[in-house]
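Dear colleague,

Please find below the structure that I am handing over to you. The findings follow directly after it.

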Amino acid sequence: MAYETILVDIADGIATVTLNRPEVLNALNGQVFNELGDVALELGADRSVQAVIITGGDKVFAAGADIKQMANLSTVDAAIGGRPSHRAFSLIETIPKPVIASIAGFALGGGCELTLVCDVRIAADSAQFGLPEIKLGILPGAGGTQRLPRLIGAGKAKELIFSGDFINADEALRVGLVNKVVPADQLREETLKMAKRFAARGAVALHLAKSAIDEGLRMDLEAGMQYEHKCFSLLFATEDQKEGMRAFIEKRPPDFKGR
């Protein structure tokens, strides 16, 4: 598909989706959300893609929503206008492959919320995170009040949301908001290295591992254990399971086929 606000590149099984509104620091609007949702569907169905990277480029990830577009919304407009972001983030979150956020510069408001729907977050040492909506008289409305507490705990999430203050990459790492911090000039290389490591694993096992984690978090422990066991058992019907164990026994790298 052709997109206007994002760039999509696929190479060696890795899809890189780059937000492309540099003139407004990649501010997110309805068109961006629609295109992110569409590309999530496209990449999720593309069997040649084993991992996805979402980035804003080397300077900025996304400096929030387009406030000029939001300023004069009515209650009805706000309710309807929130649907594209919810659709996009839900579709990204459920891509059946690892999704890595590669974050440089500002990841604020909706930009920060976009990182939360990714499986793993790698930040440049230049990155800054924040949910400043409270300073505008509103609250994070694209999942921030729900996903952030589940990731870093309710107390720290409330502090960030109630204050609207920014934190730097080191603090984001300390509280568990990001998985790794690297020098800015190494961000692209380190993100690609991680994506390739994930992509080398069995695609079906990755899909079910992601499903077991995400679905299990919505269940009590016993239900989650039962769901995990079903996922585990299903993998013994795959060619990749046979190949993976055969390769281990034969002391060679596995040649997974994703089936």
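**Surface patch**

Ile67, Met70, Leu73, Leu136 and Ile138 together make a nonpolar surface patch of about 410 Å². Please keep in mind throughout that the model is predicted. One member of the patch, Met70, belongs to helix α2, which covers residues 67-70. The relative accessible area of methionine 70 is 30%, and the residue is therefore classed as partly exposed.

**The six-stranded sheet**

Six strands form an open sheet in the order β1-β2-β3-β5-β7-β10, and their pairing is mixed. The edges are taken by β1 (6-11) and β10 (180-182); each has a single partner strand, so one side of each has no neighbour in the sheet. From one strand to the next, the twist averages 20°.

As background, strands of a sheet pair through backbone hydrogen bonds, in either a parallel or an antiparallel sense. Both senses can be followed at β2. With β1, strand β2 pairs in the antiparallel sense over six bridges, and alanine 11 stands opposite isoleucine 14 of β2. These two strands, β1 and β2, form a hairpin with two residues between them. In its turn, aspartate 12 has a positive phi of about 55°. With β3 (residues 51-55), strand β2 (residues 14-19) pairs in the parallel sense over five bridges. Here threonine 16 has isoleucine 53 in β3 as its bridge partner.

**The four-stranded sheet**

There is also an open sheet of four strands, again described by mixed pairing, with the order β4-β6-β8-β9. Its edges are β4 (62-63) and β9 (166-168), each with a single partner strand, so one side of each is left without a neighbour in the sheet. The partner of β9 is β8 (residues 128-130), and the two pair in the antiparallel sense over three bridges. Within this pairing, glutamine 128 has asparagine 168 in β9 as its bridge partner.

In soluble globular proteins, nonpolar side chains tend to be buried together. In this model the largest nonpolar core has 47 residues, of which Phe129 and Leu177 touch the most other members. Helix α1 (residues 30-45) supplies the largest share of this core, with six residues. Another core lies apart from it and has 13 residues, including Ala51, Ile100, Ala104 and Ile122.

**A contact across the sequence**

Alanine 203 is part of helix α10 (residues 203-216). In sequence, alanine 203 and arginine 47 are 156 residues apart, while their C-alpha atoms are 9.1 Å apart in space. Is alanine 203 buried, partly exposed or exposed? Its relative accessibility is 33%, so alanine 203 counts as partly exposed.

**Salt bridges**

Side chains of opposite charge can pair when their charged atoms come close. With a limit of 4 Å between a side-chain nitrogen of Lys or Arg and a carboxyl oxygen of Asp or Glu, the count comes to 16 salt bridges. The following pairs are among them.

- Lysine 156 and glutamate 171 meet through their side chains at 3.4 Å, N to O. This pair links distant parts of the chain, 15 residues apart: lysine 156 lies in helix α7 (residues 154-163) and glutamate 171 in helix α8 (residues 169-175). Lysine 156 has a relative accessible area of 18% and is therefore buried, since the cut-off for that class is under 20%.
- Glutamate 239 pairs with arginine 259, with the closest N and O atoms 3.1 Å apart. This pair also links distant parts of the chain, 20 residues apart: glutamate 239 lies in helix α12 (residues 239-249), and arginine 259 in the segment after α12. Glutamate 239 is partly exposed, with a relative accessible area of 46%, and arginine 259 is likewise partly exposed, at 46% relative accessibility.
- Glutamate 250 pairs with arginine 252, and their closest N and O atoms are 2.7 Å apart. Glutamate 250 is partly exposed, with a relative accessible area of 45%; arginine 252, at 30% relative accessibility, also counts as partly exposed.

Which residues take part in a network of salt bridges? Lys156, Glu159, Glu171 and Arg174 are linked in this way.

With kind regards

Definitions and conventions:
Residues are numbered from 1 along each chain as its sequence is written. This is a predicted model: local features need pLDDT of at least 70, side-chain atom pairs count only at pLDDT 80 or more; totals for chains, interfaces and linings use all residues. Side-chain values use heavy atoms; hydrogens and water are left out. Patches are made of residues with over 30% relative accessible area and no salt bridge: like charges are joined within 9 Å, nonpolar side chains (Val, Leu, Ile, Met, Phe, Trp, Tyr) within 5 Å. Accessible areas come from the Shrake-Rupley method with a 1.4 Å probe; for residues, only the protein chains shown count as cover. Buried means under 20% relative accessible area, exposed over 50%, partly exposed in between (1.4 Å probe, protein chains only). Two strands pair if DSSP finds at least two bridges between them. Axes are lines fitted to C-alpha atoms, for helices over the stretch in contact, and angles run from 0 to 180 degrees between N-to-C directions. A nonpolar core is a set of buried Ala, Val, Leu, Ile, Met, Phe, Trp, Tyr and Cys residues joined through side-chain atoms within 4.5 Å.
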